[in-house]
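Colleague: Could you take a close look at the ligand site for me and walk me through what surrounds it?

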Amino acid sequence: MTGTALWALRPWTPRADDPPQCSDTLVVGGGLTGLIAALELQSRGASVTVLEAGQAGAGASGRAFGSLALGCTASPGALTKRYGPEQAVRIWRESSNAVHVCLQYLSEWGVRADLHRAGHVRVAVRRGQEDEIRAQFEQWRRLLPHEELSLATGDELAAEFPGAGFRLGLVDRASASLDPYRLLGELVTRFQDRGGRFVEHTPVTRITRAGDRFTVLHRRGRTAADKVLVATDGHTGDLLPWLGRRVYPVGSYMIATAPLPPGLRDAFSRRTVTTADVRKNYFRVTGEGRLVFGGRLDLAVDVPPARIEARLRRAMLSRFPALRDIGVTHAWGGRLGFTFDQVPHVGTRDGVHYAVGYCGRGLPMSVVLGRLMAHRALDEKTASAFGDGPFPARWYFRSTPWFVPLVAGAHRVRDLAHRRRGWERA
Ligand SMILES: Cc1cc2nc3c(=O)[nH]c(=O)nc-3n(C[C@H](O)[C@H](O)[C@H](O)COP(=O)(O)OP(=O)(O)OC[C@H]3O[C@@H](n4cnc5c(N)ncnc54)[C@H](O)[C@@H]3O)c2cc1C
């Protein structure tokens, strides 16, 4: 965990619950996946306890950018190569549909969380990327409803954002944004009001099984449970070695500016934006008119706030020079869970249910997989592209993701090559 997230400007505190000696169901990890699963099980009459290692919102869910965007981290092409065309389409459609499922869920439960439905745009910021955006548009139109998608030219984008160099954009109107920390707060309150226990500062150290019963050891003792669900994503580590070998942590970071003066603020639309670089940046303007600007910073985890601020401010000003006199008030980041096939996975191993590995798309996906995991715990095996396939590991990864800097280096080289091609053709 690095820096304080902008969202914590409006803090909330859950009721202080103690861990029970036994609970029908125990959920490890109090992020969105854990909470959604807990609420689903609670609605079916189970007594549910959530054990959270840190403070509520300390994981990725309370620190995310807040974009609910269509699509999947793995491209349809990569998925087809790995899993064949049928499964690729299934994964891709289920990923995109997650946004609709999530919005439906939030509306049914009356969750507000500063939800804003302005859409998302993926923009070419170098000349060579325009072809890529056009190809992606054609590919997406084969998979998604046409009315949700369009291309925006550089002129149209210039009317939406005050920066230079936005050449072509793939707009999807179905996407939305929200305050993820507030969402988590609304869900925790609902869960506790209905009798659930949400126990902070209680890391689980071991899960053992004897017959149909589990004993969960944690910092404050032990709890017996009939069912255990693990929702630890990029923080999984060594808790369950089989799972920990399949999901590794990657860093993602953001800065937030002070509220922009009205003239500048009005120059930004409320869409979320992602650049088409391999080492992408993403940004959006919040309801109170701050620009939140993010990037992956070479995928490293736990980058200190001063470094986040220096690097992301430089990137932000190269895009929006008009912001040079605007202060940065927050710099923060967190860990997200990546898998080797860039696909999230839900399943059961040795009786323990898990849902992890959203690869940066966890806000909508955690709603879908959190519920799927709960259904599995209730022995209702709903078919899903995320639960039916293999969950790959790599021989070279046990507990230290030493290969991540190499992947970041490869990304850097690809971006440099793209930039050079763009300059040569410009
Ligand atoms: C900076 C950043 C920006 C992001 N932006 C977006 C975005 O805009 N859109 C999007 O879709 N996704 C985004 N993501 C990804 C998304 O936030 C995550 O995929 C999603 O929140 C994962 O939810 P989760 O509940 O599975 O995991 P988390 O929210 O990480 O929760 C896991 C929890 O488990 C707890 N835990 C771990 N080990 C233990 C243990 N042994 N015992 C007890 N508790 C434990 C952790 O403390 C943590 O709170 C972003 C992520 C980051 C870091």
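Modeller: The ligand lies between domain 1 (1-117 + 175-247 + 341-393) and domain 2 (120-173 + 248-338 + 397-426), because both give residues to the shell around it; those bounds come from an automatic or database domain assignment. Keep in mind that this is a predicted model, where local features need pLDDT of at least 70 and side-chain atom pairs count only at pLDDT 80 or more, while totals for chains, interfaces and linings use all residues. Residues are numbered from 1 along each chain as its sequence is written.

So, the shell itself: 41 residues surround the ligand, with Gly29, Gly31, Gly59, Gly334 and Gly362 the closest (near means a C-beta atom, placed from the backbone, within 6 Å). By class, you get 17 nonpolar, 19 polar and five charged residues there; Ala, Val, Leu, Ile, Met, Phe, Trp, Tyr, Cys and Pro count as nonpolar, Asp, Glu, Lys and Arg as charged, and the others, Gly among them, as polar. Helix H1 (32-43), strand S12 (248-257), strand S16 (328-338) and H10 each supply at least two shell residues. Helices (H or I, at least four residues) and strands (E, at least two) are DSSP runs, numbered from the N terminus.
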